[in-house]
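Here are some exercises to work through with the model open beside you. Try each task before reading its solution.

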Amino acid sequence: MRRPPVDPDFTATQALTQREALRLLDAATEHSLRAQTLVDLLLSTGLRISEALSIRESDISEGRLLITRKGGKKSAVYLPEHTLRNLRELTQTTGREVENLENKRVSALVFITRTGKPWQRSNVDGLLRTLALKAGIRKTVSAHVLRHTHATLALEMGVALHHLQDSLGHKDPRTTRRYDHARSRLENSSARTVGSIFE
């Protein structure tokens, strides 16, 4: 069977505006510390949901987070101070406890249910839909939408494409470009800048 052609520049996934992202985070903060921590983590770092849900206490350290990318590759991700603070509060660790863990011991997952089981993607999707409703967001919100939001906001704020590519763990820069929901806006056209030379 022949696969249908995929447009490398198209994605059906929407991104939230900065205002919508802040409203979602406010709704998550009102909901619970766990919701606040996850939404903050996804928006601030652009992690895949699989990467976020597999984080263990021993992966958290000052200014960075060790994650497992697609294919099992380990990667360090910058961790903003407010996100670190939320993770520490959620796990009730200061960092010293984690440093003292024995090498053979596997530390606990960060995102778990009330019964102590690993939090599943379906649990997250349900929570995000609830939070979006509470925040008055009409778009369908998922963890992948928050990843698109991170990428779009990063590019709008001047983060270079190759830095964003590395941050998101993409091998191909065309994949990263699909996350840029602002690229089709006319105000971003090179003609605005170059054309001004000839006025």
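Predicted model: local features only at pLDDT ≥ 70, side-chain atom pairs only at ≥ 80, totals over all residues.

**Exercise 1.** Find out whether K134 is buried or exposed, then find its salt-bridge partner.

*Solution.* Start with accessibility: K134 is exposed, with a relative accessible area of 53% (buried means under 20%, exposed over 50%, partly exposed in between; 1.4 Å probe, protein chains only). Next, look for a salt bridge (a side-chain nitrogen of Lys or Arg within 4 Å of a carboxyl oxygen of Asp or Glu). K134 pairs with E30, the closest N and O atoms being 3.5 Å apart. This pair links distant parts of the chain, with K134 in helix α6 and E30 in helix α1, 104 residues apart (helices are DSSP runs of H or I, at least four residues; strands are runs of E, at least two; both are numbered from the N terminus).

Residues are numbered from 1 along each chain as its sequence is written, and side-chain values use heavy atoms, leaving out hydrogens and water.

**Exercise 2.** Trace the salt bridges of E51.

*Solution.* First, R48 bridges to E51, with the closest N and O atoms 2.6 Å apart; both residues are buried. Second, E51 meets R69 at 3.3 Å, N to O. Here E51 lies in helix α3 and R69 in the loop between β2 and β3 (74-78), 18 residues apart. Their relative accessibilities are 1% for E51 and 9% for R69, which is also buried. Put together, shared partners join R48, E51 and R69 into one network.
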